[in-house]
Amino acid sequence: MQLTNAVRDAFTLLFSGDPELWKIIWVSVKTTCLALLVATPIAVMIGYLIASRAFFGRRIVVWLSQAALSLPTVLIGLLLYLLLSRQGPLGSLQWLFTQSGMIAGQALIAMPVLVAFTLAAVQAADPRLRETAIALGASPWRVMWTVLHETRFGVMAAIITGFGRVIAEVGGAMMIGGNIEGETRTITTAIALETSKGEFAQGIALGVVLMAIALILNAFLMLAQGDARSARAMQ
């Protein structure tokens, strides 16, 4: 009976336009999108360069980039907390317990996913594509753009997976953001707080939002991939 009431109250919160609830959702989506805007260009370029260049120690770099996927987000949060604290080397930025600090932490959390997925996508591409572009006299930037355009769905999958990892993580957001109401309280930190207080309605409502975001993003990727296959079939 308690669960039924909590679910009913959760949907009431969602559809009544509760300002506190939607503020939490806005902070989560805003910081996640900004973090991806910062991390994606850098990570995609790194993934492409690792996949397309031969250099000493390349296997070790590939291994480290893949191993970074298992790096606990709370450890990244701890390291960034120490850097941004008053006694830390980046303390002068005063980013601790701010959205700027959260964006920096989320960008670091997204980087391993973006690098590893881009690396895998570029490695899976037909090597003749890059060779042909080089033979036709394309510049290095044009070659990279050609390869990334061919592997765009792998890169899109990287971005969507990175978004999901960032918006659903709690350790780093709690340590760097501090869970400040109206400023750094995100969906996951709010769920943890409300559950610890025994207030399940808001936690369930925010959980529904997380599930909806995941379904929408993956549906978008599936539709894009389906349109691409249809276009190829008609050629």
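What is the handedness of the crossing of H2 and H5, and how does H5 pass H8?

Reply: This is a predicted model, in which local features need pLDDT of at least 70, side-chain atom pairs count only at pLDDT 80 or more, and totals for chains, interfaces and linings use all residues. Residues are numbered from 1 along each chain as its sequence is written, and side-chain values use heavy atoms, with hydrogens and water left out.

H2 and H5 cross in a right-handed manner (right-handed if the near helix is turned clockwise from the far one by less than a right angle, left-handed if anticlockwise). Helices are DSSP runs of H or I with at least four residues, numbered from the N terminus. H2 covers residues 19-52 and H5 residues 99-124; their axes are 6 Å apart, at an angle of about 40°. Axes are lines fitted to C-alpha atoms over the stretch in contact, and angles run from 0 to 180 degrees between N-to-C directions.

The crossing of H5 and H8 is right-handed. The axes of H5 and H8 (residues 152-168) come within 8 Å and cross at roughly 155°, so the two helices are roughly antiparallel (over 145 degrees). Contact means heavy atoms within 4.5 Å. Among the residues that meet are Ile 109, Pro 112 and Phe 117 in H5, and Gly 154, Ala 158 and Arg 165 in H8. The H5 contact with H8 has 11 nonpolar, five polar and one charged residues; Ala, Val, Leu, Ile, Met, Phe, Trp, Tyr, Cys and Pro count as nonpolar, Asp, Glu, Lys and Arg as charged, and the others, Gly among them, as polar.

Key
Parallel < 35°, antiparallel > 145°, perpendicular 65-115°, else oblique.
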